[in-house]
Amino acid sequence: MCGVLFLGSMMFYPSASAESLPQWIKNTALWYGEGSISETEFLNAIQFLIENDLIEFEQDEIVSENLISSVLIPNGNFDIANTGFYIPLNLEVTTGTTVEWINDDSVPHTIQSQDEQGKIIGLFNSAPLMTGEKFENTFDEPGVYNYYCSFHPWRVGIITVR
Ligand SMILES: [Cu+2]
């Protein structure tokens, strides 16, 4: 009894160790493997183990894809001489993810979606974000999305949605 049992959409991880299993279940498994006993008899044996807590199930919470992802605007982002751009510069997310931009800089910034020519387009556009403020947008379509800061147009970032 090792590995993962899939029951419906839930995953169970049997926590029994081989040492805790009685010899008879090993024989039963062997006999079942050899075809000496029926499947019903084998399942009855498993059932017995479960009912007597010889096999305990821990139900794991099914963790869905992380639906919020962050881009940090680091302190010093405003300064063209600094190399601190967006962290990460290209954020890769799955479709349906909400991306939040967090301004950790000492001055305001904006997030403006732009087309391939660098022109602002209306996909997602923030008001000026003060220090500590956030802006978020949910990406429902795969694609590569460029954005920049209208105050500091040399700061260009990318969201890649898969
Ligand atoms: Cu800026």
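Lys 134 is exposed, with a relative accessibility of 51%, where exposed stands for over 50% relative accessible area, buried for under 20% and partly exposed for values in between (1.4 Å probe, protein chains only). The structure is a predicted model, in which local features need pLDDT of at least 70 and side-chain atom pairs count only at pLDDT 80 or more, while totals for chains, interfaces and linings use all residues. Residues are numbered from 1 along each chain as its sequence is written, and side-chain values use heavy atoms, with hydrogens and water left out.

The side chain of Lys 134 forms a salt bridge with that of Glu 100 (3.8 Å, N to O); the term denotes a side-chain nitrogen of Lys or Arg within 4 Å of a carboxyl oxygen of Asp or Glu. Glu 100 belongs to strand S6 (residues 97–103) and Lys 134 to strand S9 (residues 134–139), so the contact ties together parts 34 residues apart in sequence. Strands (E, at least two residues) are DSSP runs numbered from the N terminus. Glu 100 is buried, at 12% relative accessibility.

The whole structure contains 2 salt bridges. Glu 92 and Arg 162 also meet through their side chains in a salt bridge (3.0 Å, N to O). Glu 92 is partly exposed at 46% relative accessible area, and Arg 162 is exposed at 57%.

A copper ion has His 109 (ND1), Cys 149 (SG) and His 152 (ND1) as protein donors, at 1.8 to 2.1 Å. Donors are N, O and S atoms within 2.8 Å of the metal (3.2 Å for Na, K and Ca); water is not among the atoms, so sites may look incomplete. The spacing of the copper donors along the chain is H-x39-C-x2-H. His 109 and Cys 149 are both buried.

Terms used. Helix = DSSP H or I, 4+ residues; strand = E, 2+ residues; numbered from the N terminus.
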